[in-house]
Each structure stands twice: as structure tokens, then as C-alpha cells.
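This report describes the salt bridges of one protein model. The sequence and structure come before the details.

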Amino acid sequence: QGDRGKKGWSQLFEEPIARRALLIGAGTAFFQQANGSEAAVYYVPQVLKAAGVESERDQLGAAAVVGLCKTVFITVGQFSVDRYGRRVMLLSSIASVTAALWLLAYCLGAAQAGGSAAGLTLFALCFFMASFSLGMGPVTWVVTSEIFPLRVRSKGVAFSMAANRITSGTVAMTFLSLSRWLGAGGAFSLFACVSASHFVFT
């Protein structure tokens, strides 16, 4: 009777099982966006400009290619989750995303040093989007929707979604300032470290 009478958000934070689910659900949702995925989507032209691509037409064309990669591979990922399992899909996706971010950081660092790595930078962006969309994109929300006990599921998913959207907005709004401060290569190195932390967390 007492447990049933506990209503509201207190259940989510006070019950041990719900707290553990919240840590996993909200943490997974946070890391999905903290690795700079929104920066890779919104700022493809700026990233390619940092890599030495000056033509606006080429920048926008590359942005379309990256967007197409995301669309195609997220569709593939949705149909692969039940076949290969949540943990395998998520861990392999995080590892590939981390590798793609380090490659991006290297390419942009080389460009800042006077080199030219436009083609490799575009490959790294597509590799990032494909890796993200195959696992992290769909699996995050599968895990979040399944992990909470039924009595707190709606609140747990809502909290996780809020953490995800706040993180997404923060990354999107601060990426250009971060790039000016650390350089584009430094910004993606930071995102790579965050992604590696995600792997450990998972």
C-alpha cells in the first residue's frame, strides 16, 4: 500500500531499481549527443572549410552526402537491433564513432598545419554518421524505452529525453566557440574523449 501510494517523480529518484535505470537511461541519452553528433550534422560546411574546402557548392554537396549516409544507415540500424542485440550494436557503434572522431581530429589538425585532407575529412564525417546511425542512433531509444520499470517508465523516458535534448542544444550552440578556442581538430579530439568515456560507461 505504501509503495503504491508513492507517486510523482520521487519514485524515479528514491527507488534503487529506478535510480539505476535512470543512470543507465539518462546516461546513454546524454552520451548520444555529447559526442558532437549535432556538430557533425549542422556544421558540415564549416568543418570542410576548416579542412580546406573553399567552394560553398562543394561544402553543401558534402553536407547532402553526410545527411544521406545518416538516413540510409539509421534505417539499416533499426532492422539490425533485434538481430544482433542491443549491447553489441551499441558498443560496436561507439567504438567506430570514437575512431571516426579521432580521424576527424587528425584531418582538421593537419589542415590547420597547412596540409590538405578534404577527401579524408569527408570520409571521416560519413564514417561517423554511418557508425552513429547503425547503433547509437536507434539503440539509445530502444534501451531507454525498455529499461525503466513500468511504474516510472514515462517519467524515466521523459527525463532521459530532456537530458538528450539539452545536451544536443548545448553542443550545437557551443561548437563554433569551442572550435575558435581549441581549433576544429581540438574540438573533435574532445568529442573523441567523450565518446571513449561512453564506451567505458556502457
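The side chains of Glu-146 and Arg-86 form a salt bridge, with N and O 2.7 Å apart; the term means a side-chain nitrogen of Lys or Arg within 4 Å of a carboxyl oxygen of Asp or Glu. Glu-146 belongs to helix H8 and Arg-86 to helix H7 (residues 86–112), so this pair ties together parts 60 residues apart in sequence. Helices (H or I, at least four residues) are DSSP runs, numbered from the N terminus. Through shared partners, salt bridges join Asp-82, Arg-86 and Glu-146 into one network.

The model is predicted: local features need pLDDT of at least 70, side-chain atom pairs count only at pLDDT 80 or more, and totals for chains, interfaces and linings use all residues. Residues are numbered from 1 along each chain as its sequence is written, and side-chain values use heavy atoms, with hydrogens and water left out.

A search of the whole structure finds three salt bridges:

| Pair | N to O distance |
|---|---|
| Glu-146 and Arg-86 | 2.7 Å |
| Asp-82 and Arg-86 | 2.8 Å |
| Glu-15 and Arg-151 | 2.8 Å |

Glu-15 and Arg-151 meet in a salt bridge. Glu-15 sits in the loop between helix H2 (10–14) and helix H3 (16–34), and Arg-151 in the loop between helix H8 (118–147) and helix H9 (153–201), so the pair ties together parts 136 residues apart in sequence.

Accessibility is classed as buried (under 20% relative accessible area), exposed (over 50%) or partly exposed (in between), with a 1.4 Å probe and protein chains only. Glu-15 is buried at 11%, while Arg-151 is partly exposed at 46%.

Note on methods:
Helices (H or I, at least four residues) and strands (E, at least two) are DSSP runs, numbered from the N terminus.
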